[in-house]
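These are my notebook entries on one protein model. I set down what I looked up, entry by entry.

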Amino acid sequence: FYNPGGLSLIKTDAVELLMFAKVFHYPSITLKAFGPNESRLNSSELGEAPALIAGTIPLKGLGKHWLGYSFLKRGHTNLELVGNAVGRLEFQGPYPDGVPVAVNGELFEILNEPWYGITWAYKLSEHVGIGVSQYLTYRSHWINYQSIVQALPDDKNLRLFLDAGEFKYQHYGLLWKIGAAFDFDRITLGLTLTTPRIHLYSVARSGLNNTLIHQDSENPDYMAVDYQDKLSAHYQSPLSIGLGLTYKLGRTNLYASSEWFNGIDEYTVIEGEDFEAQSTGETLPNRVFHLVEPVINAAVGIEHHLSPSFTLYGSFWTDFSSHEPEARGSLSIMNWDIYHFMGGTTITFKNTQLTLGTV
């Protein structure tokens, strides 16, 4: 997956399974300052992390040609954020003592995106290899959110606002990853290009619920609710270019890599039919759209072998968001820019390796 050109530079013909890892993780997310009394929203999950399986296809008579396969869980999210708050909010105007307010917010997201690939590689020379991988991609994405705000500005007139929505789509596509690898005594270089995704098949549903209740005669209530299914979806992924470097110093290896992702102009992922708001009759869209900005991410790492059975690792990498903050309705929920620091070790027992790390 990482560089199909490196497949042809493997030193032995006997390797069939190149990589298999079963990874478990416990991610925890906390959002602070939610609602009038700064209630926290927490999400945590004990489960499997995205994993990779890769190997070669042992066929005789290929010469300088190599065939391989890979399976990658390219994306995985299981997010559940729930928060409640009760307090008073201060407003300018006729409410000097503030207004009693109750807030409830819920956000659920499940994303799974496995890639299934076949790789062809060719050994141009002893130190240079090229290759291309074709991937069948499957993306299943579900988001369900709801926020309820209740306010009591006086003793008899209650205000209630409900903003809820849900969408889910399943998308099948094709893309290609092209790579070149250069392996010398102390330095290994790599260059990759990943193509945008080509649409094959999809199915989707989408819905929204915007309701406002005033409980007085001066302000009319509002209701706009619509849910549709058996829709089509069109998901796009950007062109990306990656660079990688390894520098070998005896028992220590130094690593550096970077990848640029192209931006994508606004496009419609799920296009439902327009509908009429129940309270006003106005025509509204039922639409999910997406757009991303260009972004560059980079990483550095170190690997040090204390002994043949004990290795230490350390790394730092960026995960800058390509989310456009003003893009209301986009598939991206958060525009987090994250800096990761990681340390870990690998311990070898005969034919088994145990890896432990913290990020």
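Does Tyr 122 count as buried, partly exposed or exposed, and at what relative accessibility? I found that Tyr 122 counts as partly exposed because its relative accessibility is 24%. For this reading, buried means under 20% relative accessible area, exposed means over 50%, and partly exposed lies in between, with a 1.4 Å probe and protein chains only.

**Basis of the entries**

I note that this is a predicted model, in which local features need pLDDT of at least 70 and side-chain atom pairs count only at pLDDT 80 or more, while totals for chains, interfaces and linings use all residues. Residues are numbered from 1 along each chain as its sequence is written, and side-chain values use heavy atoms, with hydrogens and water left out.

**Overall architecture**

I looked up the secondary structure and found 23 strands and zero helices. Helices (H or I, at least four residues) and strands (E, at least two) are DSSP runs, numbered from the N terminus. Of the 359 residues of the protein, 36% count as buried. I then checked contacts, meaning heavy atoms within 4.5 Å. Among contacts with a separation of 6 or more, 65% are accounted for by residues 24 or more positions apart. The accessible surface comes to about 20900 Å², and 58% of it belongs to carbon and sulfur atoms. Such areas come from the Shrake-Rupley method with a 1.4 Å probe; for residues, only the protein chains shown count as cover.

**Aromatic pairs**

A pair of aromatic rings is described by the distance of the centres and the angle of the planes. Rings of Phe, Tyr and Trp (its six-membered ring) pair if their centres lie within 6.5 Å; planes under 30 degrees apart count as stacked, over 60 as edge-to-face and the rest as tilted. By this rule I record ten aromatic pairs. Trp 120 and Tyr 122 form a stacked pair, because their ring centres are 6.4 Å apart and their planes lie at 10°. Trp 120 counts as partly exposed, at 34% relative accessibility. The pair of Tyr 172 and Tyr 201 is tilted, since the centres are 6.1 Å apart and the planes at 40°. This pair links distant parts of the chain: Tyr 172 belongs to strand E10 (residues 159-183) and Tyr 201 to strand E12 (residues 198-213), 29 residues apart. Tyr 172 is partly exposed, with a relative accessible area of 32%.

I also recorded a cluster in which ring pairs link Phe 316, Phe 320, Tyr 339 and Phe 341. Phe 341 lies in strand E22 (residues 338-349) and counts as exposed, at 57% relative accessibility. Apart from neighbours within four places in sequence, Phe 341 is in contact with Ser 315, Phe 316, Thr 358 and Val 359.

**Charges over rings**

A charge sits over a ring if NZ of Lys or CZ of Arg is within 6 Å of the ring centre and within 35 degrees of the ring normal. Arg 74 lies over the face of Trp 115, at 5.3 Å from the ring centre. The charged end of Arg 139 sits over the ring of Tyr 235, 4.1 Å from its centre.

**Nonpolar cores**

A nonpolar core is a set of buried Ala, Val, Leu, Ile, Met, Phe, Trp, Tyr and Cys residues joined through side-chain atoms within 4.5 Å. The largest has 17 residues, and those with the most contacts inside it include Phe 167, Tyr 169 and Val 269. Strands E7 (65-89), E10, E16 (264-271) and E19 (287-292) each give two or more residues to this core. E16 gives the most, with four residues. Another core, of five residues, lies apart from the largest one and includes Leu 208 and Phe 275.

**Pro 4**

Where does Pro 4 lie? I found Pro 4 in the segment before strand E1 (17-20). Pro 4 is buried, with a relative accessible area of 3%. Its contacts beyond four places in sequence include Thr 119, Ile 130 and Lys 177. The C-alpha atoms of Pro 4 and Gly 68, 64 residues apart along the chain, are separated by 8.7 Å.

**Positive phi**

Lys 230 has a positive phi of about 55° although it is not a glycine. Lys 230 lies in strand E13 (residues 222-231) and is exposed, with a relative accessible area of 78%. Lys 350 likewise has a positive phi, near 55°. Lys 350 is found in the loop between E22 and strand E23 (352-358) and is exposed at 83%.
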